[in-house]
Number of protein chains: 2
Amino acid sequence: MKNLKLDIELLKDHVSQKDLKDLQSSVTSVNKSIYDKTCAGNDFLGWVDLPDNVSQKEVVDIKNIAKEINDNADHVICIGIGGSYLGARATIDFLSNPLTTNNKVLYLGHNLSADYMNDLIAFIQNKQCYVNVISKSGTTTEPGVAFRVLVNALKAGLSKDEFSKRVIATTDQSKGALRKMADAEGFRSFVIPDDVGGRFSVLTPVGLLPIAAAGFDIDALLAGAKDAAAFCKNTQDVLGNPVLTYAAARYLLYKSGKTIEVLSAFDPSLQYVGEWWKQLYGESEGKDGKGIFPASTVFTTDLHSMGQYIQDGKRNLFETFLTIENMRTKIAVPKVEENLDGMNFLAGMDLSDVNHQAYRGTALAHAAGNVPNMNISLADRTEYTLGQLFYFFEFAVAVSGLLLKINPFDQPGVEAYKQNMFALLGKPGFEDRRKELLGQS
Amino acid sequence: MKNLKLDIELLKDHVSQKDLKDLQSSVTSVNKSIYDKTCAGNDFLGWVDLPDNVSQKEVVDIKNIAKEINDNADHVICIGIGGSYLGARATIDFLSNPLTTNNKVLYLGHNLSADYMNDLIAFIQNKQCYVNVISKSGTTTEPGVAFRVLVNALKAGLSKDEFSKRVIATTDQSKGALRKMADAEGFRSFVIPDDVGGRFSVLTPVGLLPIAAAGFDIDALLAGAKDAAAFCKNTQDVLGNPVLTYAAARYLLYKSGKTIEVLSAFDPSLQYVGEWWKQLYGESEGKDGKGIFPASTVFTTDLHSMGQYIQDGKRNLFETFLTIENMRTKIAVPKVEENLDGMNFLAGMDLSDVNHQAYRGTALAHAAGNVPNMNISLADRTEYTLGQLFYFFEFAVAVSGLLLKINPFDQPGVEAYKQNMFALLGKPGFEDRRKELLGQS
């Protein structure tokens, strides 16, 4: 795959080339079941061909609204949670510089914090804002409450027409509360396809509108994913396709007792890619009492926190590194005459080269400490490369989930807390559950 | 403990009151070995009485410099990694509002990202800055390189005297490269006590100066910790002291096969408290092939990502919730006539009450899903309460680590990657290791 490379050299004491080859027939059959749409959860396979199926008209509409937002507003407040939040956040954070990139996009509706919400409302006083409310149903509690609050805040200062113009709904084509509201209020809207689950939705308008509004190139993001999709379709050999290698290797590691995967990124811009990945992997695989527990770290930062555990703790984990080959900028380590810190051996070296040796040193140390690890090397910090990475991880989790013999596309367990919460909050229809819980707690 | 409450009701199917009582004699002996300073790692017990031992003069000096920074500078750049970064960051994030609190404190030297560093340097152009460089030795790579770069940036625009005034070193009393530089350049400095390890150092000048510079009340933070320390000394009964209850319960859960602990905070302000906690617990317990793997989440955000795994995945985890009883602000769920989203049953309710029922619903759902869980309830978002929480977690990890029969105060595994990195980077003195690694990789 053009901008991604997978290195599995340091798996060798745990997963051999032969082990991977031996899994070829299982992988081939799983692969076939994805493309044939015969696998478990086959009504949620829209993501497979999504990069090819996004309509040019939709992309143009998204870019036009993004331009309108940038021309007319200080901020767009994206209301969404889970898959309606993490894809955009991961992309925007990966491509931004934390201090100097404008914070055009703000997030709300991904928690129930009164202080967080009041802080955002105080911040947007006297600012011009659009709202992008993202929800398939329109009835999820967190974004639902946030949208009610923001509607009140917006309506206060705007004419009815101007208010309607400021809200963009990303929701179901025809069903659900948010669709009804959009139609009733005259909001412009985008459609979340029926066959794409939340955690696979970053390349639908769910992710694309916030990303475009933040000023990033959604054509390049889609192009990266499209090339990755074509590559996957054309290369179904476990050893020749890094997506399948990764899926097969982590399945074998899991079977051998490595039940925690730590995704360790060697750049802070990847922090929220880690958060996105945890939803994709945890929600896809964590069911029926099975699944690799996904954890994420940012190195070298967390080598000074989680490093000790990874090196020497309980030996039930493996690691996947994310490294970036070409950073956008360089910075040379300065030479200091006195050299009191003894670091003149680094003088003149680009900081990224130091970081790269930190990665190599870590990979070797952790492998020696019985933590098998592999590395996904990203060519650069661009939309194209991230598009490839999104598709890489999406396809791989489908394969590894199906190898595990679970349905990677549902999330039945997410409902449990909601049912209890509704019951405890006295939602009509949950009276029996309420009695049960209040008896029990 | 005044501002913290521990609820262990939902452990009942896994850890009973009797189980906890049965551990009393072990806990008593571990407790005694801490206060007697006879336990493993007893040269690093300075944190036990730290809240009592911080000198009033030092606190005044810190507050004076914090005032000077606020009077004269736009930002103070805190250079540090691991324990020299996370305590201050956790405190400042917990007490701040993310959008409206001034970002007086910036962080550097906690990664090796060229883009991050260049972004910070671009951001501080034409701004007045102080630097607080925090390192026991002054030779740790990440902060060492960052300090070299910042010294050059600062020196360029300032007289020698003014430059010296702008750098505050927090380091060893007499040894090490940073102490030597501070003495040579005339930097003002604060001392990191010899008997306090990095991850236990938030209540030393390591944490206190950045926290004071950010505008927060370090007297109240210390008072909270001091009251917690007194409480621990006076209440050594496993069931009567929540610190000991927590330590004993997690030890018993670990022994029963629950090898992952997820710290799940119900407010985003606690995100970096989770990061600080992961270092404290992972680095203290993760050794000799043992230890609970520490993971952290922010709810309800991550109920929509990690929620599925926690509810239904591999059953080797338990959960510790962090909830906040009294948020600083309230916000009522608005009533909407049309009620298309069906949420009028929440109308008029404070968002924190919704959040609290989300917590209760989650705790019950996860317990029913075979994830035993407990809750640490924080009275509010104040310095005093956080001081109590820091001491709570510090004392508890000492007890649980000693129950595990490891030394909770060392971190031998953190060196492994550094040794490799130095060898790969060609540091003088690492020639043999270099040959070994280059042969092997």
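This is a predicted model: local features need pLDDT of at least 70, side-chain atom pairs count only at pLDDT 80 or more; totals for chains, interfaces and linings use all residues.
Student: Let me try one residue. Where is the place of Ser113(B)?

Tutor: Look between strand 3 (105-108) and helix 6 (114-124) of chain B: Ser113(B) is in the loop that runs there.

Student: Is Ser113(B) buried or exposed?

Tutor: We go by relative accessible area: under 20% is buried, over 50% exposed, and in between partly exposed (1.4 Å probe, protein chains only). Ser113(B) has a value of 2%, so this residue is buried.

Student: With which residues is Ser113(B) in contact, leaving aside its neighbours within four places in sequence?

Tutor: A contact means heavy atoms within 4.5 Å. With those neighbours set aside, Ser113(B) touches Asp267(A), Pro268(A), Met327(A) and Leu351(A).

Student: Can we read a residue of chain A in the same way? Where is the place of Ala363(A)?

Tutor: Ala363(A) belongs to helix 15 (residues 351-368) of chain A. Its relative accessible area is 2%, so Ala363(A) is buried too. Beyond four places in sequence, the contacts of Ala363(A) are Leu10(A), Phe321(A) and Asn373(A). Take Phe321(A): along the sequence Ala363(A) and Phe321(A) are 42 residues apart, yet their C-alpha atoms are 8.3 Å apart in space.

Student: How do I read a whole helix? Which residues of helix 9 of chain A are buried?

Tutor: Helix 9 of chain A covers residues 177-185, and its buried residues are Ala177(A), Leu178(A), Arg179(A), Met181(A) and Ala182(A). Next, ask what they pack against: in chain A, that is strand 4 (129-134), helix 7 (141-157), strand 5 (167-171) and strand 6 (188-191). Then look at what comes after the helix: Gly186(A) follows, and its phi is positive, near 75 degrees.

Student: And for two helices, which residues of helix 4 of chain A meet helix 11 of chain A?

Tutor: Helix 4 of chain A brings Gln56(A), Val59(A), Ile62(A) and Lys63(A), and they meet Ile218(A), Asp219(A) and Leu222(A) of helix 11 of chain A.

Student: Let's turn to rings. How many aromatic pairs does the structure hold?

Tutor: Rings of Phe, Tyr and Trp (its six-membered ring) pair if their centres lie within 6.5 Å; planes under 30 degrees apart are stacked, over 60 edge-to-face, the rest tilted. Over all chains there are 54 such pairs. One of them joins Trp47(B) and Phe200(B): their ring centres are 5.1 Å apart and their planes are at 25 degrees, so this pair is stacked. Trp47(B) lies in the loop between helix 2 (24-35) and helix 3 (50-53) of chain B, and Phe200(B) in the loop between strand 6 (188-191) and helix 10 (205-213) of chain B, so the pair ties together parts 153 residues apart in sequence. Trp47(B) and Phe200(B) are both buried.

For a tilted case, see Phe299(B) and Phe321(B), with 6.4 Å from centre to centre and 50 degrees between the planes. Phe299(B) lies in the loop between strand 8 (293-298) and helix 14 (307-312) of chain B and Phe321(B) in strand 9 (residues 317-326) of chain B, so this pair links parts 22 residues apart in sequence. Phe299(B) is buried at 1%, and Phe321(B) is buried at 0% relative accessibility.

Student: Which rings link into a cluster in chain A?

Tutor: Ring pairs connect Tyr246(A), Trp276(A), Trp277(A), Tyr281(A), Phe390(A), Phe392(A) and Phe393(A) into a cluster.

Student: Now the backbone. What is omega of the peptide bond from Phe299(A) to Thr300(A)?

Tutor: Omega is near 0 degrees there, and the bond is cis. Thr300(A) lies in the loop between strand 8 (293-298) and helix 14 (307-312) of chain A. In chain B, a cis peptide bond joins Phe299(B) and Thr300(B), with omega about 0 degrees.

Student: What is phi of Lys37(B)?

Tutor: Phi is positive, about 60 degrees, although Lys37(B) is not a glycine. Lys37(B) is in the loop between helix 2 and helix 3 of chain B, and its relative accessibility of 39% counts as partly exposed. Asn339(B), also not a glycine, has a positive phi near 50 degrees. You can find Asn339(B) in the loop between strand 9 and helix 15 (351-368) of chain B, partly exposed at 27% relative accessibility.

Conventions. Residues are numbered from 1 along each chain as its sequence is written. Chains are lettered from A and ligands numbered from 1 in the order in which they are written. Side-chain values use heavy atoms; hydrogens and water are left out. Helices (H or I, at least four residues) and strands (E, at least two) are DSSP runs, numbered from the N terminus.
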